[in-house]
Amino acid sequence: MFQILKNFFIGLGNIFRKPRTVVYPREKIIIPEKSRGVLHLKLDLDSLDVICNGCGNCQKACPENCIVIKKKVKDDGKENLDQFFLDFGRCIFCGKCVEACELGAIDMSYRYQLADFNRKNLVMEKVDLIKPSGTLRDFWK
Ligand code: SF4
Ligand code: SF4
């Protein structure tokens, strides 16, 4: 009898409880902190350019060979980053590239939706990887 009453009140309580699921894709969730979302390139807030200098450490550390970096030589003879490609069709979100970056120029964001009909669209270039949507936790609000 006690168990029946207990279950009754649990059921009653659930009627008034906020649903734990969302109507996806109409509603989006905020993924927890430290989640491994889509990688993004961080910006230097003074120059508004990417922090990445094209050193290639992340490219070497990547076990899936997802990263391709192209460098250019500046007027002063120094090399810096020209293009940065990341193939999310191959990425396993291991985070090795983030660990390998001494400048903290690459990080995992709170963005998690990547599905696409065309695999080519999963290859993102520098301009895609610096989009603010990748850096703002409240992007989906
Ligand atoms: S998260 Fe892992 S697999 Fe993806 S690009 Fe970085 S190192 Fe490569
Ligand atoms: S993201 Fe970091 S490790 Fe990768 S090329 Fe840029 S500076 Fe080097």
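A: Let us begin with a term: a residue is near a molecule or strand if one of its heavy atoms lies within 4 Å of it. In that sense ligand 2 is surrounded by C52, N53, G54, C55, G56, N57, C58, I69, C101, L103, A105 and I106.

Q: What should I know about the model and its numbering?
A: This is a predicted model, in which local features need pLDDT of at least 70 and side-chain atom pairs count only at pLDDT 80 or more, while totals for chains, interfaces and linings use all residues. Residues are numbered from 1 along each chain as its sequence is written, chains are lettered from A and ligands numbered from 1 in the order in which they are written, and side-chain values use heavy atoms, with hydrogens and water left out.

Q: How does the shell around ligand 2 divide into nonpolar, polar and charged residues?
A: There are 8 nonpolar, 4 polar and no charged residues in that shell. Here Ala, Val, Leu, Ile, Met, Phe, Trp, Tyr, Cys and Pro count as nonpolar, Asp, Glu, Lys and Arg as charged, and the others, Gly among them, as polar.

Q: And which residues are around ligand 1?
A: The residues around ligand 1 are L39, C62, P63, C66, I67, C91, I92, F93, C94, G95, K96 and C97. This shell holds 10 nonpolar residues, 1 polar and 1 charged.

Q: Why does A105 count as buried?
A: A105 counts as buried because its relative accessibility is 2%. Buried means under 20% relative accessible area, exposed over 50%, and partly exposed in between, with a 1.4 Å probe and protein chains only.

Q: What does A105 touch, then?
A: Not counting residues up to four places away in sequence, A105 touches H40, L41, K42, I51 and C52. Contact means heavy atoms within 4.5 Å. The C-alpha atoms of A105 and N53 are separated by 8.5 Å, although the two residues are 52 apart along the chain.

Q: N57 was also in that shell. Where does N57 sit?
A: N57 belongs to helix α2 (residues 57-61). With 23% relative accessibility, N57 counts as partly exposed. Neighbours within four places in sequence aside, N57 is in contact with A100 and E102.

Q: How far is F93 from M108?
A: Their C-alpha atoms are separated by 8.5 Å, and the residues are 15 apart along the chain. M108 is in strand β4 and counts as buried at 14% relative accessibility. Among the residues that M108 touches, beyond four places away in sequence, are L39, F93, G95 and V98.

Q: What about F85, buried or partly exposed?
A: F85 counts as partly exposed, at 22% relative accessibility. F85 lies in strand β3 (residues 79-87). F85 and K126 are 41 residues apart in sequence and 6.4 Å apart in space, C-alpha to C-alpha.

Q: New topic: how many salt bridges does a search of the whole structure find?
A: The search finds 1 salt bridge. The term means a side-chain nitrogen of Lys or Arg within 4 Å of a carboxyl oxygen of Asp or Glu. The side chains of K71 and E79 meet in a salt bridge, at 3.4 Å from N to O.

Q: Which peptide bond is cis?
A: The bond from Y24 to P25 is cis, with omega near 10 degrees. P25 is found in the loop between α1 and β1 (39-41).

Q: And where is K34?
A: K34 is also placed in the loop between α1 and β1. K34 has a positive phi of about 70 degrees although it is not a glycine, and at 77% relative accessibility K34 counts as exposed.

How values were computed
Helix = DSSP H or I, 4+ residues; strand = E, 2+ residues; numbered from the N terminus.
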